[in-house]
Amino acid sequence: MNILVCIKQVPDMESRFKVDAAGTWFEESDLAWRINEYDEFAIEQAVQLKEQLGDADLTVLSIGPARLKEALKKALAMGCDRAVHVVDAAAHEKDPFQIASSIAAFAKDKSFDVIFTGMQSQDRGSGQVAVLVGELLSIPSLTTAVEFALEGDTISVRRELEGGLKAVVKAKVPALVSCQLGLNTPRYPTLPNIMKAKRKELLEVPVADLLTEEARLETVSLAYPEKKGSALVLEGEVGDLVEKVIGILKEKTAVL
Amino acid sequence: MKALLVGEYREGKLLESSYELIGFAQTLGAEFELFLVGSTDQLPQVDGKLHLADVAAAGEFNPALHKQLVLDAAQKAGADTIVFLHSSYGWDLAPRVALALNAAQVSEVVEAAADGYLLPACNSKLRRTVKATTDRSVVTLQVGAFMAAEPGGTPQVEELSVAAGGNTEFGGYEQAEAGEVDLGKAEVIVSAGRGVGKPENVAMIEALAKALGGEYGASRPVVDAGWVPHDRQVGTTGQVVSPKLYVACGISGAIQHLAGMKKSEFVLAINTDKDAPIAEIADVLVVADIKQFAPALTAKLVG
Ligand SMILES: Cc1cc2nc3c(=O)[nH]c(=O)nc-3n(C[C@H](O)[C@H](O)[C@H](O)COP(=O)(O)OP(=O)(O)OC[C@H]3O[C@@H](n4cnc5c(N)ncnc54)[C@H](O)[C@@H]3O)c2cc1C
């Protein structure tokens, strides 16, 4: 069986973001980068599926600049067999349709049986790429998976809905599955596996080889949200903070 | 703009959030028609045309078929904008419709501005303004971002014919198991977020909750990691609560968490990140390490 997992590298969300000079994206210097949280569940599920099947082949793909080699190496150390780096220094300027088109162009003649992705990215969060890839390849997409199983040629997924409700949904392979938080427990790469990963294949493909589509969305601007809240911000020494908070709770709430 | 609003229906009921779509169209002063896979005994109360596909034939989950039905309705309505909620139904269906129409999709809109739609980025720390360059577009709305329209009126129903189809199978729903606690009744809730660091530290959140005479809750990653049971999860995929006091400990304030607690009367947040989006709805943000602050506050309260 042939498995593909698509991942993205995103900045740490606890960073302090600075809008760039063009006013359409954030400055990338001084940011720590990591694998999109949702995609870690996708990698783990792909690796678990490979382990279940024994003789499966697992490719991890990501689109972006040179820095994402680090993310691909981690995915290899988690258990992917080979990595494909679609090199695009301006990936952040591409819209979800273009990203999905590039992935689909790569995947179309490789007969992947199962494609995993995260359900959305933490930075842009459009939640489109997974389903678009499935549609472009004319295979069923099962989104927002919090449980996954493959039996024979049938994928069975618990789709998470709102308020704790789940739906049981199935599709025959080939199919795409988008992964939600909590689907599994992503493993930490072990040192021996990190060493082994260094010898695994890391293929580079220029994005121009795959992408022929024009963007359908234009980013007009990126800015800080208008502050709606008026939180009183308290800083200082813990003892003083405790005193202040108790004072406020006594004054403003009926609980103390 | 001529909008087609895609309503939602689940477990035999029209979902209330469907009225937010109407609210959006009214805010923009847009002409609209509605689409629903539902039934005639659960019609949205609104004047105007409703393209209705019978749920008995189309099923509640069959994205490939629902896509075709939305496309049929969009054509009949002559719609240039197809509007969904950014919900488990909407984010699944919208890209399918967008691709079939060669249309751009704008996801999780929080506001419509003159130069485009405003969307959150980086856990709401940033806002993007985005516009479609295609003639037609597909839009999904952040749940809760647009005021729901008041129900009132009677739709003029146009039945859509439903052909068999689909490449997925629906095997029914599973309800979350009821747990030991009903957070909805608690007057004080102290919730642990990923910022608590490790499972052992949940105890200090529990202790603080006890000292304040309340219950403890959690954000999703803490529940997903198995540190706290699911019945204590606050948010869109957990409980919606409105206590007198909500204390968010090491919680960044993602929209899905806020949706579960923003109606709390008073919100105290403790976070090492001064820019954490929880500050948007908190009354007080204490910039501190929760591992130091929580035990100190508990000690003072019980001491
Ligand atoms: C469809 C969907 C449904 C979802 N449903 C829910 C839901 O029901 N409930 C929910 O909570 N989430 C839900 N989420 C997940 C949500 O998007 C966020 O990922 C989640 O809320 C983040 O939890 P957190 O704030 O605890 O963690 P993070 O976002 O990682 O934030 C941790 C915070 O802790 C702070 N911190 C770190 N160390 C310390 C310290 N020592 N002291 C104090 N502060 C510290 C950091 O500054 C940061 O702000 C859902 C997501 C999706 C896509």
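Predicted model: local features only at pLDDT ≥ 70, side-chain atom pairs only at ≥ 80, totals over all residues.

**Around strand 17 of chain B**

- Strand 17 covers residues 266-271 of chain B, and six of its six residues are buried, so the strand is largely enclosed by the rest of the structure.
- On one side, strand 17 of chain B pairs with strand 16 (residues 245-249) of chain B, in the parallel sense and over five bridges.
- Within that pairing, Leu268(B) of strand 17 is the bridge partner of Val247(B).
- Strand 17 of chain B also pairs with strand 18 (residues 284-287) of chain B, again in the parallel sense, over four bridges.
- Here Ile270(B) has Val286(B), in strand 18 of chain B, as its bridge partner.
- A right-handed β-α-β unit is made by strand 16, helix 7 and strand 17, each of chain B.

**The ligand and its surroundings**

- How many residues surround the ligand? There are 32, and the closest are Ser219(B), Thr237(B), Ser252(B), Gln256(B) and Asn271(B).
- The surrounding residues come from chains A and B, so the two chains share the site.
- Ser219(B) has a polar side-chain atom that lies 2.5 Å from an oxygen atom of the ligand.
- In the side chain of Asn271(B), an N or O atom is 2.6 Å from an oxygen atom of the ligand.
- For Lys291(B), an N or O atom of the side chain is 3.2 Å from a nitrogen atom of the ligand.
- The ligand exposes 980 Å² when taken alone, and the protein buries 91% of that.
- Three elements of chain B give two or more residues to the shell around the ligand: helix 6 (220-224), helix 7 (255-261) and helix 8 (290-302).
- Sorted by class, the shell around the ligand holds 10 nonpolar, 16 polar and six charged residues.

- Is helix 4 of chain B mostly covered or mostly uncovered? It is mostly covered, with 10 of its 11 residues buried.
- Among the buried residues of helix 4 of chain B are Gly90(B), Trp91(B), Asp92(B), Arg96(B) and Leu99(B).
- Just after helix 4 of chain B comes Asn102(B), which takes a positive phi of about 50 degrees.
- Asn102(B) sits in the loop between helix 4 (90-100) and strand 7 (104-109) of chain B.
- Asn123(B) also has a positive phi, near 55 degrees, in a residue other than glycine.
- The loop that holds Asn123(B) runs between strand 9 (116-121) and strand 10 (126-132) of chain B.

**A look at chain A**

- Chain A contains six helices and 13 strands.
- The C-alpha trace of chain A spans about 65 × 40 × 40 Å along its principal axes.
- Chain A has 256 residues, of which 56% count as buried.

**Places to visit in chain A**

- Lys196(A) has its place in helix 5 (residues 191-197) of chain A.
- Is Lys196(A) buried or partly exposed? Its relative accessibility is 45%, so Lys196(A) counts as partly exposed.
- Lys196(A) and Ala254(A) are 58 residues apart along the chain, and their C-alpha atoms are separated by 60 Å.
- Val173(A) and Pro174(A) are joined by a cis peptide bond, with omega about 0 degrees.
- Pro174(A) belongs to the loop between strand 9 (166-172) and strand 10 (175-179) of chain A.
- Asp12(A) is in the loop between strand 2 (9-11) and strand 3 (33-35) of chain A.
- Asp12(A) counts as buried because its relative accessibility is 17%, under the 20% cut-off.
- A polar atom of the Asp12(A) side chain lies 2.8 Å from the backbone nitrogen of Glu14(A).

Conventions:
Residues numbered from 1 in each chain as written. Chains lettered and ligands numbered in written order. Heavy atoms only, no water. Near = heavy atom within 4 Å. Polar contact = N/O pair within 3.5 Å; in protein donor to acceptor, adjacent residues only side chain to side chain. Areas by Shrake-Rupley, 256 points an atom, 1.4 Å probe, with all protein chains shown as cover. Nonpolar A, V, L, I, M, F, W, Y, C, P; charged D, E, K, R; others polar. Buried < 20%, exposed > 50% of the residue type's maximum accessible area, 1.4 Å probe, protein only. Pairing = 2+ DSSP bridges. Right-handed = clockwise from strand over helix to strand, strands pointing away.
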